[in-house]
Amino acid sequence: MKIAVCPGSFDPITNGHLDIIRRSAKLFDKIIVVVGKNYNKSTPCFTLAERVELIKRSTTEIKNVEVDMFDGLIADYARRQNAVAIVKGLRAVSDFEYEFQQALINKKINPELETVFVTANAEYMFLSSSIVKQMCIFGSDISEFVPIEICHDVVERIKSGS
Ligand code: ADP
């Protein structure tokens, strides 16, 4: 069975993330979406458990997707799960340098592990969790940008700020 992990902060999951998950689920037997702490990013809006729950609700119809959380090196996590690949979405050249560096480090830690880059859907090239949060704070409609199943809860949660 070919397993791939799809790591990220997912604070919260957007339709850009969902598109990458859906497409990579066609390439592998199982995708484990892994919500991790990103030590380069400021305090997240949603807790790890909340982010996992939002992803689960957004991916119920994709049968070969599991959701998990982790704190540590993704290359070690992938080894424990017997994963053959890490899947990352690439939006633009700006994503590339960071992702390329991460891919090389992960290869060093776990030489058996490949990094597979899936190009962003043109429709979601500009989309990020931060943009969704900003739009919400200023009262813009985000229904085009986050999965329909979670849209209401995401808006309420970000507006309430708790
Ligand atoms: P990170 O903390 O790694 O930046 P994110 O939650 O922002 O985590 O993103 C996780 C992965 O999803 C990254 O590979 C990122 O490039 C990808 N991604 C984020 N938004 C999009 C999008 N709109 N389209 C395609 N890929 C995306």
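**Close-up views of the predicted model**

View A. Helix α4 (residues 93-109) carries both Phe96 and Phe100, which are 4 residues apart, about one turn of the helix. Helices (H or I, at least four residues) and strands (E, at least two) are DSSP runs numbered from the N terminus. The model is predicted: local features need pLDDT of at least 70 and side-chain atom pairs pLDDT 80 or more, whereas totals for chains, interfaces and linings use all residues. Residues are numbered from 1 along each chain as its sequence is written, and side-chain values use heavy atoms, with hydrogens and water left out. The structure holds 3 aromatic pairs. Among them, Phe70 and Tyr77 make a tilted pair, with 5.5 Å centre to centre and 45 degrees between the planes. Phe96 and Phe100 make a stacked pair, with 5.2 Å centre to centre and 20 degrees between the planes. Rings of Phe, Tyr and Trp (its six-membered ring) pair if their centres lie within 6.5 Å; planes under 30 degrees apart are stacked, over 60 edge-to-face, the rest tilted. Phe70 and Tyr77 are both buried. Phe96 is partly exposed, with a relative accessible area of 37%, and Phe100 is likewise partly exposed, at 41% relative accessibility. Buried means under 20% relative accessible area, exposed over 50%, partly exposed in between (1.4 Å probe, protein chains only).

**View B. The largest nonpolar core and Ile31.** The largest nonpolar core has 35 residues, of which Ile31 and Ile142 touch the most other members. Two or more residues of this core come from each of β1 (3-8), α1 (15-24), β2 (30-36), α2 (48-58), β3 (65-70), β4 (85-90), α5 (129-137) and α6 (148-160). Helix α6 gives the largest share of this core, 5 residues. Such a core is a set of buried Ala, Val, Leu, Ile, Met, Phe, Trp, Tyr and Cys residues joined through side-chain atoms within 4.5 Å. When neighbours within four places in sequence are left aside, Ile31 is in contact (heavy atoms within 4.5 Å) with Ala4, Cys6, Ser24, Ala25, Asn64, Val65 and Glu66. Another core, of 12 residues, lies apart from the largest one and includes Ile32, Val34, Ala75 and Leu113.

**View C. Strand β1 and the strands that pair with it.** Strand β1 is mostly covered, as 5 of its 6 residues are buried. The pairing of β1 with β2 is parallel and spans 6 bridges, and Pro7 stands opposite Val34 in β2. Strands β1 and β4 also run parallel, joined by 2 bridges; here Ala4 stands opposite Ala85 in β4. Strands pair if DSSP finds at least two bridges between them.

**View D. Surroundings of Val5.** Val5 is placed in strand β1 and counts as buried, at 0% relative accessibility. The C-alpha atoms of Val5 and Val33 are 5.8 Å apart in space, although the two residues are 28 residues apart in sequence. Neighbours within four places in sequence aside, the contacts of Val5 are Ile32, Val34, Ile74, Tyr77, Ala78, Ala83, Ala85, Ile86 and Val87.

**View E. Backbone features in two loops.** The loop between β1 and α1 includes Phe10 and Pro12. The peptide bond from Asp11 to Pro12 is cis, with omega near 5 degrees. Phe10 has a positive phi, near 50 degrees, in a residue other than glycine, and counts as buried at 4% relative accessibility. A further positive phi in a residue other than glycine, near 60 degrees, belongs to Asn82. Asn82 is found in the loop between α3 (74-80) and β4 and is exposed, with a relative accessible area of 59%.

**View F. The buried side of helix α2.** The buried residues of α2 are Leu48, Arg51, Val52, Leu54, Ile55 and Ser58. These residues cover an arc of only 165 degrees around the axis, which puts them on the same side of α2. The arc is that of the directions from the helix axis to the C-beta atoms. The elements that cover the buried residues of α2 include α1, β2, β3 and α6.
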